[in-house]
Amino acid sequence: MTVAAENRESVVAVTGEFATVSDYFALLKPRVMSLVVFTAVVGLALAPGHIPIATAVTALLCIAVGAGASGALNMAYDADIDSCMSRTLGRPIPQGHLTASTATGFGVTMAIGAVTVMGLLVNPVSAALLAFTIAFYVLVYTLWLKRRTPQNIVIGGLAGALPPAIGWSAVTGSLAVPPLVLVAIIFLWTPAHFWALSLYRTSDYVRARIPMLPVVAGKTKTRRQIVIYTILTVTAGFAPVLLGFAGPLYLAVNVALGTWFLVQSLRVARECDSEREPQARRLFGISILYLFVVFAAVLAEQVSGITPFQPLIAG
Amino acid sequence: MNDDNERQREFERARKMRNYAIAGVLLFLVALFFVMTIVRLGGHVAD
């Protein structure tokens with residue numbers, strides 16, 4: 001029996017009767033949720049047309065709850081893995097505060113609630129996109145890909161990339177090129193971000209038998225892939241300018257932070273300390289900063305009314 | 001015996017907090033649906 005399988009048995013043996021509200025809150029992966037909501041806000045702000053403030057808040061609430069539901073269902077299924085990894089050992093299920101079945105019930109209830117409320121109070125397109133995002137994260141990433149292929153976070157990253165499209169569709173009831181460009185930026189950003197993490201958490205993934213790229217293909221290949229995906233991310237970051245929905249502030253931010261992101265990925269590629277991986281740790285932080293600031297620039301231009309460049313490519 | 005009483009108190013405290021949280025969520029949903037109904041009715045609210 002594997003360590004993960006033994007842990008699964010011990011994890012499901014707890015009663016969960018002492019679970020507190022903060023345990024349930026931790027199931028929602030609040031830090032992931034905050035980035036999801038933020039990127040959805042950008043999609044919502046970028047969309048043409050008017051949306052009543054109450055509808056916008058409802059849409060963001062549904063996206064937040066949907067993301068939380070995905071997190072809870074992921075923690076329920078991955079409780080055995082989480083209890084093998086130092087990064088996730090403190091989560092409520094490995095700690096014995098909650099059972100996996102309770103977390104499943106909580107996640108399913110919230111997922112159905114979020115999609116239903118989105119459909120009833122916002123519009124059917126955004127509800128369908130939200131349902132697709134939750135299903136993709138839980139079924140495709142968590143249940144199927146995560147334990148089977150080193151491409152898990154590449155393909156699974158689509159779930160985390162979709163919130164700007166949901167935000168946009170909450171306003172327009174449809175999809176268009178600009179939100180899909182934002183989706184593409186997050187999609188291309190995800191591998192460099194998570195592979196940086198997996199470089200300095202490799203022993204965790206080995207113990208949990210998760211086929212992350214450094215475990216399966218080695219650290220050298222992972223470093224090379226990180227550089228490739230960083231180049232792709234920063235290059236895709238210029239698309240909003242070329243397509244005419246971002247202006248000078250965004251361009252300056254993408255050039256400055258994109259250069260920093262890229263330089264740091266090259267430092268990871270040349271890393272000598274493969275034990276502590278200080279450059280990968282730094283890249284992990286810089287990748288979050290890059291995504292946050294680039295999206296904040298889109299938002300700032302929308303709010304302040306900075307005129308975007310004329311499109312060089314027809315969108 | 002004291003341990004049992006302490007566990008019982010801890011269990012009841014956790015359950016009480018969960019119940020308050022569920023009540024809060026339900027009240028919030030009632031308020032949300034009310035506000036959104038008014039928003040959707042818009043100018044036709046007096047019709």
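Predicted model: local features only at pLDDT ≥ 70, side-chain atom pairs only at ≥ 80, totals over all residues.

Visitor: Which element gives the most to the side of domain 1 of chain A that touches domain 2 of chain A?
Guide: Let's start with the contact itself: 19 residues of domain 1 of chain A are in contact with 17 residues of domain 2 of chain A. On the domain 1 side, the elements giving two or more residues are α1 (3-11) and α3 (30-46) of chain A. The most, seven residues, comes from α3(A).

Visitor: How many nonpolar residues are on the side of chain A that touches chain B?
Guide: Here ten residues of chain A are in contact with ten residues of chain B. On the chain A side, helix α4 (residues 53-77) of chain A provides the largest share, three residues. By class, that side has three polar residues, one charged residue and, to answer you, nonpolar residues numbering six.

Visitor: At which residue does α10(A) bend?
Guide: Helix α10 of chain A covers residues 177-200 and reaches 36 Å from its first C-alpha to its last, close to the 34 Å expected. Because 21 of its 24 residues are buried, α10(A) is largely enclosed by the rest of the structure. A proline, Pro191(A), follows within four residues of the bend, which is about 30 degrees and lies at Trp189(A).

Conventions. Residues numbered from 1 in each chain as written. Chains lettered and ligands numbered in written order. Contact = placed C-beta atoms within 7 Å. Nonpolar A, V, L, I, M, F, W, Y, C, P; charged D, E, K, R; others polar. Expected span 1.5 Å × (residues − 1). Bend = angle between axes of the 7 residues up to and from the residue. Buried ≥ 20, exposed ≤ 12 C-beta atoms within 10 Å, placed from the backbone.
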